[in-house]
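Subject: Handover of a structure, with findings

Dear colleague,

Please find below the structure that I am handing over to you. My notes on it follow directly after.

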Amino acid sequence: MYKLLRETIEKEIKLTDLEWKKILDKIELVKLDKNNFFLSQDNACNYEGFVLKGSLKIYTLEESGSENIAFFAFEGDWVCDIEGFYNKKKSKYNIKSLEICDIVVVSRENKEWLFKEIPKLLHFHSLMMQKVAIVMQNRLLETLNKTAKERYLNFITKHPDKIYKINNRNLSSYLGVSEEFLSKIKKLI
């Protein structure tokens with residue numbers, strides 16, 4: 001059941017069966033139906049998640065009710081509000097399922113225990129955080145320096161199999177354009 005998680009970790013570090021058993025003892029599986037929250041804005045972020053199945057959107061909600069989608073998370077992605085999780089602050093983000101999801105979660109306390117018991121997980125964590133920083137940096141640069149059409153083309157190039165899971169409202173929010181403008185972009189392509 002947790003094969004994808006182990007494969008993802010073992011791309012960077014090798015685990016013994018005993019180490020894997022320790023990890024299994026400290027994680028749990030959360031199942032979300034479509035449109036359910038993994039995390040709600042202004043609530044504590046007590047868990048970090050790894051998406052085994054499904055997709056989610058990570059967004060803020062304006063007072064007007066409009067969503068500003070910062071990221072999507074798909075199978076094999078990690079998901080949480082990093083600042084909220086590590087600094088024990090209320091979340092700035094909503095994380096909501098776009099479809100039925102299976103997410104492996106670990107609490108902050110269990111993660112710290114695992115770091116002590118399996119020190120090489122700290123190295124994996126460091127590599128994971130580097131990748132997160134790069135994704136965030138690239139997202140910022142793309143938003144600042146690329147046209148909406150270029151951002152759309154980059155998205156469908158990176159996620160050709162995911163594009164059909166995301167409706168126009170969510171995709172236009174992620175791209176920072178109106179739904180009408182997204183429709184025009186799609187027609188041009």
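How many bridges join strand 2 to strand 7? Two bridges do so, and strand 7 (residues 94-97) runs antiparallel to strand 2. Please note that this is a predicted model, in which local features need pLDDT of at least 70, side-chain atom pairs count only at pLDDT 80 or more, and totals for chains, interfaces and linings use all residues. Residues are numbered from 1 along each chain as its sequence is written, and side-chain values use heavy atoms, with hydrogens and water left out.

The sheet

Strands here are DSSP runs (E, at least two residues), as are helices (H or I, at least four residues), and both are numbered from the N terminus. Two strands pair if DSSP finds at least two bridges between them. In general, strands of a sheet pair through backbone hydrogen bonds, either parallel or antiparallel.

In this model, four strands form an open sheet in the order 2-7-4-5, with antiparallel pairing. Strand 2 (37-39) and strand 5 (67-73) are the edge strands, each pairing on one side only. From one strand to the next, the twist averages 30 degrees, where axes are lines fitted to C-alpha atoms and angles run from 0 to 180 degrees between N-to-C directions.

Strand 4 (residues 56-61) and strand 5 run antiparallel and are joined by six bridges. They form a hairpin with five residues between them, and G65 in the turn has a positive phi of about 100 degrees. K57 has F72 in strand 5 as its bridge partner. Strand 5 is largely enclosed by the rest of the structure, because five of its seven residues are buried (under 20% relative accessible area; exposed is over 50% and partly exposed in between, with a 1.4 Å probe and protein chains only).

Aromatic rings

The whole structure contains seven aromatic pairs (rings of Phe, Tyr and Trp, the last by its six-membered ring, with centres within 6.5 Å; planes under 30 degrees apart are stacked, over 60 edge-to-face and the rest tilted). The rings of F85 and Y86 make an edge-to-face pair, because their planes stand at 90 degrees, with centres 4.8 Å apart. F85 is buried at 0% relative accessibility, whereas Y86 is partly exposed at 30%. Ring pairs also link F72, F74, F155 and Y174 into a cluster.

The charged end of R108 sits over the ring of F85, 5.5 Å from its centre (NZ of Lys or CZ of Arg within 6 Å of the ring centre and within 35 degrees of the ring normal). The charged end of K57 sits over the ring of Y59, at 5.0 Å from the ring centre.

On a 1 Å grid over the protein atoms alone, a cavity is a set of points where a 1.4 Å probe fits but cannot get out; a pocket is an open set with protein on both sides within 12 Å along at least five of seven lines, and lining residues have an atom within 4 Å of a point.

The largest cavity has a volume of about 210 Å³, a volume being the space filled by probe spheres set on grid points joined across faces, edges and corners. Its lining has 18 residues, with I9, W78, V106, K111 and L114 nearest the centre. Helix 5 (120-145) is among the elements that give two or more residues to this lining, and its four residues are the largest share.

The largest pocket holds about 1100 Å³ of space. It is lined by 39 residues, of which D77, W78, K131, V132 and V135 are the closest to its centre. Helix 5 gives the most to the pocket lining, with 12 residues.

Yours sincerely
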